[in-house]
Structure formats: structure tokens, C-alpha cells
Amino acid sequence: MNTQVSLDIQVMLETQGLCKYWGGLKALDGVSLQFYDKQLHGIVGPNGAGKSTLLNLLCGHYKPTHGRIMHKGEAIEAIKPHAFARRGIGRSFQKTNIYPGASCLENCCVAVQRRMGGNFNLLRSRYSQKVLDEIASDALDKVGLGARRDQIAAQISYGEQRQLEIAMVLATAPQVLLLDEPMAGMGHEESQLIIELLNRLKREYCIVLVEHDMDAVFELSDQLTVMVDGQHLTTGTVSQVRDNPRVKEAYLGQGDEVF
Ligand SMILES: Nc1ncnc2c1ncn2[C@@H]1O[C@H](COP(=O)(O)OP(=O)(O)O)[C@@H](O)[C@H]1O
Ligand SMILES: [Mg+2]
């Protein structure tokens, strides 16, 4: 009997030699990583390291110059962007994606509609407004914004807006959550709310978290990758990465005293 197979953690998403060039600039240069189900994989690195580029490739927003993206063992780098979402790969953006004049509930409904690739007839036939509202409500409950559902997005706090963005991704029923700096611009207490939220969500999803807040990354990451100048420097547990002298070197002069 082979019990090993069932004990193995599932690789949800994988990159193999992934590259993105803009003319002569190698924004991402041969990055090979594995992202596991029900784990949070933190990505850190100085500005311009290629972190957002990596997320943009993983969600299909950019096409790679070279290399592969595998989802559950299938190559997906050539499929259309909306097909990434349909496969359950959802992302939040570094710049906000919220419609400020719409309610929190409406914002989540729009996120579900976008996932359908703008095919509103198909959407109508599959989901009545009632079902759509239920999906949106559940997503808001999950991030702790249930009481804000009918409030206009522009009127909730900045921290709540970032929670709303995560709810908008959750509403699309993802398996993979790609999060680009969800704690940017937050105070300590607001960040703490997001940390608690991600600690809960990582038991259910494969999460790739790009984040500047090192305390948050160290607390949350099961695996941690450091990138520098478009290249992969190292991947390991938080303590393995913190003990790596090459990481300290990469951060020298960056004003980050964390390593
Ligand atoms: N659309 C683009 N066109 C040209 N260069 C880009 C584009 N997007 C990113 N870059 C460049 O790629 C590099 C990596 O950027 P990015 O992935 O945003 O870094 P990070 O998120 O780690 O700060 C940077 O030098 C950036 O200027
Ligand atoms: Mg970025």
C-alpha cells in the first residue's frame, strides 16, 4: 500500500523557467517555483524585483516571453486571461479595483460577472440575481464585511476597502488567491485584521502573497521566496530564508533592516 501519495501536499500552480522581457529589460528571468494547495507562499524582494510581474503572469494578465505555467499539471501559459479565472485562479491588484460609487455587495457581484468573461446571457441563465447576491454576501461574510454589504464602497474605511478587494476575489470561487500588497498603506491595527483573515483563508486556498510588510510575511508564510532583479534568489521556510546570508546581502542598502 502506498500511503505516501495521499500524504503529499498537492502542487496547485508551478512555474518553469518563467521569463518576461520588456525589450532589453528582464522583468522576470527564468523563475521556477511551486505553489502548494492550502499553503501561503510569500514573495518578497526590493522594488522592481519582478513580484507584480510574476503575479500578472500567474493570473494570465501578461503572457510570458518564455517558460511554462502549470496548473494541476496542465500547461496553461497560452490560454486566454479569462480562462485563468475560470480555472479558479483569482487575483487582487496592487492598485484598487473597486467601483467607489457601488455598494460592497454590487462590487462583489461585478467580480462574479467579470469571471464569466462578460458573457451576461450565460450568467443570467446560470445565476439569478438572488443566487448572485448570495454568493456576494457569503464572500463579504468571509472577510468580516457582512455588516457593510449595502454601504457604498467609497464610504467604508481604507482597510475595509482592501478587505472588500479580497471579498471580490473570493466571490469568484477561486482555488488560488494571488494577492499583491493587500496591506499597503495600512496602519498596524488594520494590517492585523488582514493577517487574521489570511491566517484563516490559507487553510482553504493556495495563496501567493506579495507583501512589503515583513512582519506580516514572516508570520503568515509557509514558504517564502526572495526575488532580486527579476531572478529567484531563494525559497524556503521563513527561518531558512532569514538565515540565508545572500538574502541579507540583497537587502543591504534598501533601508529594510528586517533580515
Ligand atoms: N508594463 C511594463 N512595461 C515595461 N516595463 C515594466 C512593465 N511592468 C513592469 N515593468 C518593469 O519590470 C520590472 C519589474 O517590475 P515589477 O514586477 O512591477 O516589480 P515589483 O512588483 O517587484 O516592484 C521593473 O523594472 C518595472 O519597471
Ligand atoms: Mg509590485
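This is a predicted model: local features need pLDDT of at least 70, side-chain atom pairs count only at pLDDT 80 or more; totals for chains, interfaces and linings use all residues.
**Shell around ligand 1**

The residues around ligand 1 include Trp22, Leu25 and Ala27, together with the run Asn47, Gly48, Ala49, Gly50, Lys51, Ser52 and Thr53; Gly45 is also among them. By class, the shell around ligand 1 holds 6 polar, 4 nonpolar and 1 charged residues. Two elements, strand 2 (25-36) and helix 2 (51-58), each supply at least two residues of this shell. Helix 2 gives the most, with 3 residues.

Strand 1 (residues 11-22) pairs with strand 2 in the antiparallel sense, over 9 bridges. In this pairing, Lys20 stands opposite Leu28 in strand 2.

**Two helix pairs**

Two packed helices are described by the angle between their axes and the distance between the axes. The table gives these values for two pairs.

| Helix pair | Angle between axes | Distance between axes |
|---|---|---|
| Helix 4 (residues 104-115) and helix 6 (residues 129-142) | about 110° | 9 Å |
| Helix 7 (residues 158-170) and helix 8 (residues 188-201) | about 20° | 9 Å |

With an angle of about 110°, helix 4 is therefore roughly perpendicular to helix 6. The crossing of helix 4 and helix 6 is right-handed. On the helix 4 side, the contact is made by Cys104, Leu105, Cys108, Cys109 and Val112. These meet Leu132, Asp133, Ile135, Ala136, Ser137, Ala139 and Leu140 in helix 6. By class, the contact of helix 4 with helix 6 has 10 nonpolar residues, 1 polar and 1 charged.

For the other pair, the angle is about 20°, and helix 7 and helix 8 are therefore roughly parallel to each other. The crossing of helix 7 and helix 8 is right-handed. Helix 7 contributes Gly159, Arg162, Gln163 and Ile166, which meet Glu190, Leu193, Ile194 and Leu197 in helix 8. The residues in the contact of helix 7 with helix 8 divide into 4 nonpolar, 2 polar and 2 charged.

Conventions: Residues are numbered from 1 along each chain as its sequence is written. Chains are lettered from A and ligands numbered from 1 in the order in which they are written. A residue is near a molecule or strand if its C-beta atom, placed from the backbone, lies within 6 Å of it. Helices (H or I, at least four residues) and strands (E, at least two) are DSSP runs, numbered from the N terminus. Ala, Val, Leu, Ile, Met, Phe, Trp, Tyr, Cys and Pro count as nonpolar, Asp, Glu, Lys and Arg as charged, and the others, Gly among them, as polar. Axes are lines fitted to C-alpha atoms, for helices over the stretch in contact, and angles run from 0 to 180 degrees between N-to-C directions. Angles under 35 degrees count as roughly parallel, over 145 as roughly antiparallel, 65 to 115 as roughly perpendicular and the rest as oblique. A crossing is left-handed if the near helix is turned anticlockwise from the far one by less than a right angle, and right-handed if clockwise. Two residues are in contact if their C-beta atoms, placed from the backbone, lie within 7 Å. Two strands pair if DSSP finds at least two bridges between them.
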